[in-house]
Amino acid sequence: MAAQLYYRYSTMNAGKSIEVIKVAYNYEERGKTVMVLVPSVDNRYGKGFVTSRIGPQREATVIGDDSNILELFMRENARKPIDCVLLDECQFLKKHHVEELVEIVDSFEIPVLAYGLKNDFKNELFEGSYYMLVYADKIEEIKTICWCGRKATMVARIQDGKIVKQGKQIMIGGNDLYVSLCRKHYNDGRLGPDK
């Protein structure tokens with residue numbers, strides 16, 4: 001079976017980071033070597049960590065805007081063969097990063113599993129999300145729900161208890177700054193049954 005580039009996306013609080021940690025653990029439990037990557041922009045829990053909101057954490061290699069993932073992979077793969085590449089917060093990737101991940105899959109036959117958001121708080125694609133949608137062999141949604149019980153498809157940015165739809169695209173934060181909502185409640189601005 002040929003290796004593939006997987007893009008697994010969701011809104012916030014759907015369990016993407018815990019999936020990265022779980023997949024890495026499953027590979028390592030079987031004696032396989034994984035390369036876990038995280039963009040430098042996400043430093044909520046310190047640089048160089050994939051951290052789930054429910055607690056578990058693991059170390060990861062930090063990549064910046066100018067990092068060459070293919071070169072990093074080839075260097076590590078020469079030391080010890082890598083069986084899988086895992087990436088958290090892939091929405092923060094640049095186009096060249098996604099193309100480098102494609103090269104890892106196509107030239108080295110190594111599966112790459114990238115997890116991240118699809119759309120931002122303005123309901124626009126991130127650069128990394130856009131190119132993952134373009135290049136991924138498999139696109140899978142990890143589902144979570146809105147406060148009303150419907151599937152959450154939007155990420156709303158919250159300021160002073162209200163949804164804001166203006167501002168810079170990247171502002172790192174957690175539950176204090178973002179909430180996952182269904183399209184209806186994203187559009188009408190309701191954050192809960194009484195809000």
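**Pocket, cavities and a helix pair**

Let me begin with the second largest pocket, where strand 2 gives the largest share of the lining, namely three residues. Please bear in mind throughout that this is a predicted model. Strand 2 covers residues 34-39, and along with strand 4 (57-59) and helix 2 (69-79) it belongs to the elements that each supply at least two residues of that lining. The volume of this pocket comes to about 160 Å³. Around it we find Thr33, Val34, Met35, Val36, Arg58, Glu59, Ala60, Thr61, Glu76, Arg79, Lys80 and Ile82. In terms of class, five of the lining residues are nonpolar, two are polar and five are charged.

How many cavities of 30 Å³ or more does a search of the whole structure find? The search finds two. The second largest cavity holds about 40 Å³ of space. Its lining is formed by Pro39, Ser40, Val41, Ile63, Gly64, Asp65, Phe92, Leu93 and His97. Of these lining residues, five are nonpolar, three polar and one charged.

Finally, the helix pair. Helix 3 (residues 95-108) and helix 4 (residues 127-135) have axes that come within 8 Å and cross at roughly 35 degrees. The crossing of the two helices is right-handed. Helix 3 contributes Lys95, Val98, Glu99 and Val102 to the contact, while helix 4 contributes Glu127, Gly128, Tyr131, Met132 and Tyr135. This contact of helix 3 with helix 4 comprises five nonpolar, one polar and three charged residues.

Thank you for your attention.

Technical notes:
Residues are numbered from 1 along each chain as its sequence is written. This is a predicted model: local features need pLDDT of at least 70, side-chain atom pairs count only at pLDDT 80 or more; totals for chains, interfaces and linings use all residues. Side-chain values use heavy atoms; hydrogens and water are left out. On a 1 Å grid over the protein atoms alone, a cavity is a set of points where a 1.4 Å probe fits but cannot get out, and a pocket is an open set with protein on both sides within 12 Å along at least five of seven lines; lining residues have an atom within 4 Å of a point. Grid points are joined across faces, edges and corners, and a volume is the space filled by probe spheres set on the points. Helices (H or I, at least four residues) and strands (E, at least two) are DSSP runs, numbered from the N terminus. Ala, Val, Leu, Ile, Met, Phe, Trp, Tyr, Cys and Pro count as nonpolar, Asp, Glu, Lys and Arg as charged, and the others, Gly among them, as polar. Axes are lines fitted to C-alpha atoms, for helices over the stretch in contact, and angles run from 0 to 180 degrees between N-to-C directions. A crossing is left-handed if the near helix is turned anticlockwise from the far one by less than a right angle, and right-handed if clockwise. Contact means heavy atoms within 4.5 Å.
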